[in-house]
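Hi,

Here is the structure I said I would pass on to you. Have a look at it first, and then read on for what I found.

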Amino acid sequence: MTTDVLQIELRKAERSRIQEVDFNHLPFGKHFSDHMFVADFIDGQWQNQQIVPFDNFTINPALSALHYGQSIFEGMKAYKNEEGDVLLFNPLANFERMNESARRMCMATLPEEVFMGGLEALLRVDADWVPSTPNSSLYVRPYMFALDNYLGVAPSKTYRFCIFTCPVGAYYSNPPKLKVETEYIRSAPGGTGYAKCAGNYAASMYPTLMAQQQGYDQLIWTDAREHKYIEESGTMNIMFIIDGKLVTPATSDSILKGTTRAAIIAIANYWGMEVEERLVSIEEVISGIESGRLTEAFGAGTAVGASAYALIGYNGTDYMLPEFSPEKSFAVRVSNYLGDLRTGKIDDPFGWVQKL
Ligand SMILES: Cc1ncc(COP(=O)(O)O)c(C=O)c1O
C-alpha cells in the first residue's frame, strides 16, 4: 500500500494491553487492540484524522445516529505471513461496499486515502496484535455514524468514521444448524438489504433469537414476497454444491454482496468449476438433500470463511446434510485455499492480498 499517512495525528497508548490477552483462546469480538483510527466529516470535508488509544467516545443524548439509525460498518481480517508481515485480504472490496452503504443511507462517502490510509496506519501501529496462531486473525471493524446532535428525520451533516480491531479465533467451533425463516424477513426489494447498515442487524435479532431457542444457530432468510427463494444467512452468503456445480443465490438489492462470496466464485471459476448465480428455491434445496444431488451447503463470509452446515431445518423438519470427506468437500478445499492465500502461503493469482 502506498498511501500517504503523514497527515494522521498519532497519540500512542501509554501502556499496551496486549499481555492481558491469551492468544491461544480468542473469543470473537471481546478483546480490542490498543488503538483506533478516527476521522470526522465536518463542513463538507473529512478532517481530524487521528490514531488514538482505544477508548470511549463522549456523545450527546441527541446524537442523530442513535435516533434515526444512520450507521454503517464493514468487517475484514488481517493476517501474518511466516515472515511476520501483515497481510490484508482485498480491502478495496470493503472500501467500495462501505461507500455503497453510505450512498444508500444518505451519508458522506469516504475518499480512498482516508479509508486505506487510516487502515494502513492503524495496522502499522498495532501490528503486534495480528495473531500468528492457526485459525486466528485480526478482525478489522471500520464503521461510520451520524454525528449531528439534532432531532429531526433528515440526513446528518456531520459523520464520524472509526476503525478499531480485535484479535479473533474461529467463529463456529462446530458446523452450524440453520433454520429456514418463513415468517419474518431481513430485507425486501427496494429496502436496505444490500447495505451493511446497523438497522438490518437490529431487525434480524428477534427472529434469530427465536430460532436459537429452538436449537438452531442461525437463520436462512427467504424472499420477502413468497418465502420461496433463499436469500442469505445472518452474517454469511449461502452456497450449495448441486450436481457438482457451485450454486448460489444471485445478489439483488435485498442481499449483501459478500466479499467472500465473490472470492469463492472467482476461485471456483479459476478451478474450472461450473458456477450458477440464480434463484435458488427452498424446494430445490430440500429435494436436492433428499435425492442426494445436493452434496454440500455452506456459509461464506469474512467471519466464518467457508463454513459447512450440519443441517437445514424447514417447517419443523431437520434435513441433515450428507457427511462429507474433508478431501472431497469443496467447502473444505476452498476454505483451506482462502486460508493459504490470506496468510501468504501460496501465490495470489487474483491480486487480492496486500502486504503492509
Ligand atoms: C448479512 C451478511 N451477509 C453476508 C456477509 C458476508 O460478507 P463478507 O464475505 O463480505 O464478509 C455478511 C458479513 O459481512 C453479512 O453481514
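Below is a quick tour, going from the whole chain to a few individual strands and residues.

Before anything else, please keep in mind that this is a predicted model.

**The chain as a whole**

The protein chain has seven helices and 19 strands. Its radius of gyration is 21 Å, close to the 21 Å that the globule rule gives for 356 residues, so the chain is as compact as a globular protein of that length. If you draw a box around the C-alpha atoms along the principal axes, you get roughly 60 × 50 × 35 Å.

How much of the chain is buried? Of the 356 residues, 51% count as buried. As for the surface, the chain exposes about 16,600 Å², and 48% of that comes from carbon and sulfur atoms.

I also looked at who touches whom along the sequence. Taking the contacts with a separation of 6 or more, 71% are between residues 24 or more positions apart.

On charges, there are 30 positive and 43 negative side chains. The centres of those two sets lie 2 Å apart.

Strand S5 covers residues 76-80, and five of its five residues are buried, so the strand is largely enclosed by the rest of the structure. In a regular strand the side chains alternate between the two faces of the sheet. In S5, Met 76, Ala 78 and Lys 80 point one way, while Lys 77 and Tyr 79 point the other way. Note that the two lysines, Lys 77 and Lys 80, are among the buried residues here.

Which strands does S5 pair with? One is S7 (residues 137-146), which pairs with S5 in the antiparallel sense over three bridges. Within that pairing, Lys 77 has Tyr 139 as its bridge partner. Another is S6 (residues 86-89), also antiparallel to S5 and joined to it by three bridges.

S5 and S6 form a hairpin with five residues between the strands. In that hairpin, Gly 84 takes a positive phi near 90°.

S6 is covered on both faces: Val 86 and Leu 88 sit on one side, Leu 87 and Phe 89 on the other, and all of them are buried. S6 also pairs with strand S19 (residues 353-355), antiparallel and over three bridges. In that pairing Leu 88 stands opposite Gln 354.

Cys 106 has a phi near 60°, which is positive even though the residue is not a glycine. You will find Cys 106 in the loop between helix H2 (91-104) and helix H3 (112-125).

Asp 243 is another such case, with a positive phi of about 50°. Asp 243 lies in the loop between strand S12 (237-242) and strand S13 (245-249). At 41% relative accessibility, Asp 243 counts as partly exposed.

Glu 276 belongs to strand S14 (residues 275-278). Setting aside neighbours within four places in sequence, Glu 276 is in contact with Lys 245, Leu 246, Val 247 and Thr 248.

Lys 30 sits in the loop between strand S1 (9-10) and strand S2 (35-42), and at 61% relative accessibility Lys 30 counts as exposed. From Lys 30 to Glu 276 there are 246 residues in sequence and 38 Å in space, again C-alpha to C-alpha.

That is the tour. If you want a place to start, go for S5 and follow its bridges to S7 and to S6.

Cheers

Key:
Residues numbered from 1 in each chain as written. Predicted model: local features only at pLDDT ≥ 70, side-chain atom pairs only at ≥ 80, totals over all residues. Heavy atoms only, no water. Helix = DSSP H or I, 4+ residues; strand = E, 2+ residues; numbered from the N terminus. Rg over C-alpha atoms; globule rule 2.2 N^0.38 Å. Buried < 20%, exposed > 50% of the residue type's maximum accessible area, 1.4 Å probe, protein only. Contact = heavy atoms within 4.5 Å. Areas by Shrake-Rupley, 256 points an atom, 1.4 Å probe, with all protein chains shown as cover. Lys, Arg positive; Asp, Glu negative; His and termini not counted. Charge placed at Lys NZ, Arg CZ, Asp CG, Glu CD. Pairing = 2+ DSSP bridges.
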